[in-house]
Amino acid sequence: MRHRKWWEDAIIYQIYPRSFKDSNGDGIGDINGIIEKLDYIESLGVNTVWINPMILSNQQDNGYDVINYTKVDPLFGTEEDGERLIKELKNRGIKIIFDFPLNHTSDQHPWFKTALKSKDSPYRDYYLWAEAEEDRPYPNNWTAGFGGSAWSRVLNEDQYYLHLFMHSMPDLNWSHAPLRQEMAEVLNYWIEKGIDGFRLDAFIYMDIDQDFPEYPGEKGPGQEMNEHGNNIKDYLNEMNQAISHHEKEVFLVGEATSADADLTQWYTDQENDMVDKIITLQYFPENKEGMDRSVPESNQHLPLDPKKFKKVQKEFQEKGGADGGPILFWSNHDMPRSPHKYGNMATEHRDNSAKMMATLLYLQKGIPIIYNGEEIGMKNVAFGDPGNIADSGVMQFYQEAHQAGWKHKNIMHHINLTARDVSRGIMQWEDSEKVGFTDGVPWMLYNRESTYNVKDQEKDEDSILNFHRKLIELKKTELFQHGAYEMRETEETLYAYERTLDAQKALVYCNFSDKAETIDIGKEWHAQQIALQNAGNGLEDGKLRLSPYGAVVLVKK
């Protein structure tokens with residue numbers, strides 16, 4: 001019988017530490033704040049947490065611009081606090097995944113600062129350099145993910161360093177063996193500390209084409225020119241051996257934003273020995289019929305295309321179904337909260353909408369990742385000024401949309417449903433002035449809402465929070481962990497699938513619209529078999545009545 005890895009049964013809770021809980025009144029969430037809420041996390045029923053970066057950083061990109069890979073950032077606490085968090089999680093039987101930004105460092109990292117001192121420095125080869133021809137300002141026409149050229153010139157030098165993201169985040173040269181060795185040592189350091197897995201941030205850019213070919217056209221993203229390089233497999237194979245990936249059952253989750261089902265299958269194929277699972281942003285195909293072609297697509301809010309969404313989900317279930325199934329997620333720190341973006345926030349539909357979306361995705365075959373606040377139905381924060389959003393592309397969108405005749409209110413509506421910062425509002429623990437997050441001045445915008453906070457929802461048996469607890473318990477059963485998956489053919493606004501394991505069978509039906517639906521599911525199913533549902537549904541004589549945004553889970557044993 002095949003040995004099941006622990007992570008095949010993982011149910012993951014993602015914590016964005018800056019926004020989770022502040023314990024010292026500085027307005028920024030921290031490690032002791034997480035420790036303070038461990039009883040709550042445990043009460044959800046999750047068995048794994050993924051924590052965004054807490055290692056020493058220049059905080060130009062909220063932890064992803066690393067200064068020291070093995071030091072806890074004092075912004076979040078001490079080394080002892082970090083060790084206590086790991087110990088406390090272990091005591092509760094909860095695994096921990098750390099974020100590992102392996103594509104770049106901060107320009108304040110000692111490696112880069114040493115590299116700047118001399119072209120002969122041994123750390124020069126830890127990064128990527130090029131020179132520009134006399135008649136052009138940069139080595140080539142690549143643009144960076146945060147705007148501008150992907151190249152920055154070194155003061156008093158003729159060389160430029162590559163940064164596919166911010167100018168303050170120089171890209172690492174993974175073709176350089178000493179760099180690969182040091183990075184493996186970093187991973188082993190944290191493994192010895194008790195870390196069970198890593199999210200490999202932006203790993204698809206590890207292999208840079210050092211011929212630096214031009215982007216077709218006037219200019220274009222350097223990321224697009226360098227994703228999924230041929231040598232990534234070799235780099236990861238080497239790293240896996242260095243950290244005893246399989247023997248120690250270290251869970252490696254790769255962030256591959258552009259990976260479709262086929263590429264995901266290739267990355268996670270055990271024979272290729274790269275990563276165990278992939279987080280991709282290709283789950284959410286949008287309907288582009290109403291898109292304004294005169295402004296950038298990046299920050300235009302477009303509705304989910306239900307037909308394509310089902311097709312994509314089916315592909316990931318079929319091609320990523322091995323070894324526990326694909327990663328399942330609706331939201332994270334890099335994208336808006338999906339129940340707000342794709343669901344319905346109208347008062348009469350908000351709860352049902354959030355519960356339905358969780359049911360639809362997380363009871364499929366796969367590993368759920370629930371982003372903190374999702375379990376209470378938190379919505380995106382609303383910015384009024386694009387200048388307050390860190391992503392420079394937002395301002396470019398604002399300016400171009402304004403020039404195209406869009407009104408300020410409409411532009412901000414689109415930005416507040418597309419920009420990554422809108423999902424980073426502070427956790428709503430209670431309906432108080434600072435929502436129970438801090439005694440100081442919160443670092444970030446936030447929503448204060450009655451009902452949509454932990455304290456209020458703990459008291460309500462029918463709350464989104466308690467629905468998530470029931471959903472997680474159902475997910476833990478053999479049927480929903482290990483059962484086969486088959487999507488049912490339905491009309492566009494319905495989403496239905498079966499899970500089967502030996503004599504057990506489950507039927508999940510979800511209504512992704514604001515209109516009630518009635519479906520003939522057969523008299524073999526009856527109301528006593530309903531294991532979970534949101535409000536307003538019914539089943540009689542084989543006729544399933546789904547309320548607007550209704551969700552029903554039937555289980556037959």
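Modeller: Ala 404 counts as partly exposed, because its relative accessibility is 38%. This is a predicted model, so please read everything here as computed from that prediction. Ala 404 sits in the loop between α12 and α13. Setting aside neighbours within four places in sequence, Ala 404 is in contact with Ser 294 and Val 295. Ser 294 is 110 residues away from Ala 404 along the chain, yet their C-alpha atoms are separated by 6.8 Å.

Helix α12 covers residues 392-403 and helix α13 covers residues 408-415; their axes come within 10 Å and cross at roughly 145°. The crossing of α12 past α13 is right-handed. On the α12 side, the contact is made by Val 394, Phe 397, Tyr 398, Ala 401 and His 402. From α13 come His 408, Ile 411, Met 412, His 414 and Ile 415. Sorted by class, this contact has 7 nonpolar and 3 polar residues, with no charged ones.

Which residues of α13 are buried? They are Ile 411, Met 412, His 414 and Ile 415. Looking down the axis of α13, you would find these buried residues within an arc of 155°, so they line one face of the helix. An α-helix has 3.6 residues a turn, so residues three or four places apart point the same way. What covers the buried residues of α13 includes α12.

In soluble globular proteins, nonpolar side chains tend to be buried together. The largest nonpolar core here has 140 residues, and those with the most contacts inside it are Tyr 13, Tyr 40, Ile 41, Phe 198, Leu 200, Phe 203 and Trp 330.

Ile 376 counts as buried, because its relative accessibility is 0%. Not counting residues up to four places away in sequence, Ile 376 touches Tyr 40, Met 427, Gln 428, Tyr 452, Asn 453, Val 454, Gln 457, Ile 464 and Leu 465. Tyr 40 is a name you have already met, as one of the residues with the most contacts inside the largest core.

For comparison, here are two other loop residues. Asn 156 lies in the loop between β8 (151-153) and β9 (159-162), and Asp 273 lies in the loop between α8 (261-268) and β13 (277-279). Most residues other than glycine have a negative phi. Asn 156 is not a glycine, but its phi is positive, at about 65°. Asp 273 is not a glycine either, and its phi is positive at about 55°. How do they stand, buried or exposed? Asn 156 counts as exposed, because its relative accessibility is 76%. Asp 273 counts as buried, because its relative accessibility is 19% and the cut-off for buried is under 20%.

Note on methods: Residues are numbered from 1 along each chain as its sequence is written. This is a predicted model: local features need pLDDT of at least 70, side-chain atom pairs count only at pLDDT 80 or more; totals for chains, interfaces and linings use all residues. Side-chain values use heavy atoms; hydrogens and water are left out. Axes are lines fitted to C-alpha atoms, for helices over the stretch in contact, and angles run from 0 to 180 degrees between N-to-C directions. Helices (H or I, at least four residues) and strands (E, at least two) are DSSP runs, numbered from the N terminus. A crossing is left-handed if the near helix is turned anticlockwise from the far one by less than a right angle, and right-handed if clockwise. Contact means heavy atoms within 4.5 Å. Ala, Val, Leu, Ile, Met, Phe, Trp, Tyr, Cys and Pro count as nonpolar, Asp, Glu, Lys and Arg as charged, and the others, Gly among them, as polar. A nonpolar core is a set of buried Ala, Val, Leu, Ile, Met, Phe, Trp, Tyr and Cys residues joined through side-chain atoms within 4.5 Å. Buried means under 20% relative accessible area, exposed over 50%, partly exposed in between (1.4 Å probe, protein chains only). The arc is that of the directions from the helix axis to the C-beta atoms.
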